[in-house]
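Student: I have a model open and I'd like to learn how to read it. Could you walk me through it, feature by feature?

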Amino acid sequence: MTALRERPLAGHVQLTGRSAIGGRFIEGPTLPAHAFHSLNPGTGENIEPTFHPATDEQVDSACLAAWDAFGDFSGTAPSRRARLLETIATEVRDIGELLVSTVMAETGLGEERIVAERDRTMDTLRQLADAVRDGRWMEPIIDRGEPNRRPPKADIRRMLQPMGPAAVFGASNFPLAYSVAGGDTASALAVGCPVIFKGHPSHPATSELVARAVMAAVEGCGLPAGTFSYLVAGGPREQAVGSLLVRNPCVRAVGFTGSISGGVALSKLAADRLDPIPVYAEMGSVNPVVMLPGAIEKHSEAATQQLAASITESCGQQCTRPGMIFLHASYAADKFLADLANRMEAAGPGTMLSVRLRRNLVGRIERAEAARGVEMIASWDPKLRAERPGPVRAYPVLMRTPAAVFREHIALREEFFGPVAVAVVCASTTDMLRALAMVQGSLTGTIWAEPGDEADTRRVHTMMEQRVGRLIYNGVPTGVRVAPAMVHGGPYPATNRPESSAQGPTAIRRWCRPVCFQETPDHLLPPALQAGNPLKIERLVNGKASREPTPTK
Ligand code: NAP
């Protein structure tokens, strides 16, 4: 058993292993048969303390607390919610080294990566705070009335309003950036939606530390306690907490990051409600890369170096990891792939986040290599694939297949969530385009091209643009920049909502719906639409951007 170093946090608090509802950790009896531990995948040992999944009643209480908080929280001034986000960033930072060591123990990820992810999470919170203050996210539009016209034209004003309490699910592979205080929680709080966060069973200690930070910020900013709740999930009650949450009538929208099966299951549950609610699911992605001949000739060394690092970084457990490489058959392509295989093998084994992910990965590799025509050019000795106690390891794998075999076998076209890539060797550009057309919707697509590749570049670009959310030239897709122009989304199954992005300030749109106010008395309008423009934000008035007062009559 690895004991997490227990150290007073924020003055005097220890990990409880419990859910927190309406600002307080739940006390009282637990169901011992449902208790669970997280695993240290670097050692294979369980980690103390014991965690107790939320009961049905606790899920219900958290949802009711969020519902009660919604009226007040959604009505707070944007500047107050911006302060909340900034305070959460500060509280997370102040957990300090304890947070880093806890994440390392629960995930096997390296210190440098965790510190970078923490800083990026804080940056996201701060960027969203700026966006909330700026006010453009509300998309206020005013079409002034013309009472003297015959027939008279009504004064109408619309803006985005928060949808209500949001249930948020994080993934195991980004224990900070896509977890308790990650982009989904931050963007929902930004617009005034209370959040009920369902903890991921693979990092419950990390989740509790961050949940404490969020609750401290909510309290410190004087906001309703039900603004944020955190539910422990895992052990034998795995999936039960999440399912109950999505079905709860107080929940008005869901944010999910994780597997395709999880996202699809939760979307179905939400659609089967008497009052279906939106689910924004960010799921699996294969992230195709096309290496055109001119680029192979000119950049072979840089490209193999960058691709090998990007495929094997964090043991390949990144949603933007390049998973397929398309190239024209040639001697240069053979050499390129041999070099890439060597570099991937040189990276050596990595630690996977969980036994379940490793089991899934091994199963997928075995299904893919069973296809006739698939050659393992960097490979994982079958003996190393057997499950055994101890560290949860995975070795890099590079498979090579002709485009025709790739098109035939779905096992080659699915996401391998680990340090694995499939090289697809194409007889011609037409062959390549036919294979690319079968690539599933992805977060990213990458093209390596030089001026001599111009004719192919345009055709590949057009095909790729239809399949991905972000197109990259001569680089790698990992290391997503958090910025207003970022799109972290894409066609199914990268997401189930290709019109949205889970990153950057536009992510906040997912938690809103437009409301129109017609001939509404000024004092009953939200401040963003009032005649005097008290928030001093930019509004679209009769088709023109303006910060001027706009009387209703
Ligand atoms: P996961 O196993 O699906 O877990 C994610 C969450 O979903 C957990 O809270 C899990 O809780 C819950 N869940 C899964 N299936 C469920 C079901 N049938 N009913 C109710 N709840 C369910 O995913 P993961 O292994 O942590 O994450 C890895 C995956 O996430 C990869 O495929 C990766 O590509 C993807 N990912 C995507 C993005 C993106 O932006 N597109 C970003 C990061 C990761 P329980 O375990 O309690 O059921």
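Tutor: Let's begin with how elements get their names: helices (H or I, at least four residues) and strands (E, at least two) are DSSP runs, numbered from the N terminus. This is a predicted model, where local features need pLDDT of at least 70, side-chain atom pairs count only at pLDDT 80 or more, and totals for chains, interfaces and linings use all residues. Residues are numbered from 1 along each chain as its sequence is written, and side-chain values use heavy atoms, with hydrogens and water left out.

Student: Which element supplies the largest share of the shell around the ligand?

Tutor: That's α8, with three residues. The elements that each supply at least two shell residues are β11 (253-257), α8 (260-271) and α11 (355-369).

Student: How many residues surround the ligand, and which are the closest?

Tutor: A residue is near a molecule if one of its heavy atoms lies within 4 Å of it. Here 28 residues surround the ligand, and Ser-172, Lys-198, His-200, Ser-259 and Glu-415 are the closest.

Student: How do the shell residues divide into nonpolar, polar and charged?

Tutor: The sorting goes like this: Ala, Val, Leu, Ile, Met, Phe, Trp, Tyr, Cys and Pro count as nonpolar, Asp, Glu, Lys and Arg as charged, and the others, Gly among them, as polar. The shell has eleven nonpolar, twelve polar and five charged residues.

Student: What about polar contacts?

Tutor: A polar contact is a pair of N or O atoms within 3.5 Å; within protein, one must be able to donate a hydrogen and the other to accept it, and residues adjacent in sequence count only if both atoms are side-chain atoms. In this model, a side-chain N or O atom of Ser-259 sits 2.5 Å from a ligand oxygen. Lys-198 brings a polar side-chain atom to 2.7 Å from an oxygen atom of the ligand, while Ser-172 uses a backbone N or O atom, also 2.7 Å from a ligand oxygen.

Student: How much of the ligand's accessible area does the protein cover?

Tutor: Accessible areas come from the Shrake-Rupley method with a 1.4 Å probe; for residues, only the protein chains shown count as cover. On its own the ligand has 900 Å² of accessible area, and the protein covers 95% of that.

Student: Next, is Ser-179 buried or exposed?

Tutor: Buried means under 20% relative accessible area, exposed over 50%, and partly exposed in between (1.4 Å probe, protein chains only). Ser-179 counts as buried because its relative accessibility is 2%. You'll find Ser-179 in the loop between β8 (166-169) and α5 (183-191).

Student: What does Ser-179 touch?

Tutor: Contact means heavy atoms within 4.5 Å. Setting aside residues up to four places away in sequence, Ser-179 touches Gly-170, Phe-174, Thr-185, Phe-197, His-203 and Ser-207. The side chains of Ser-179 and His-203 make a polar contact at 3.0 Å, and a polar side-chain atom of Ser-179 lies 3.4 Å from the backbone oxygen of Pro-175.

Student: Where is Asn-173, and what does its side chain reach?

Tutor: Asn-173 is in the loop between β8 and α5, and its side chain reaches the backbone oxygen of Gln-317 at 3.2 Å. Asn-173 is buried, with a relative accessible area of 6%.

Student: How do I read a nonpolar core?

Tutor: Think of a set of buried Ala, Val, Leu, Ile, Met, Phe, Trp, Tyr and Cys residues joined through side-chain atoms within 4.5 Å. The largest one here has 108 residues, and those touching the most other members are Leu-84, Leu-85, Ile-88, Phe-228, Phe-326, Met-399 and Leu-436. Helix α6 (residues 204-220) gives the most to this core, nine residues. A second, separate core has 25 residues, including Ile-21, Val-59, Ala-233 and Val-279.
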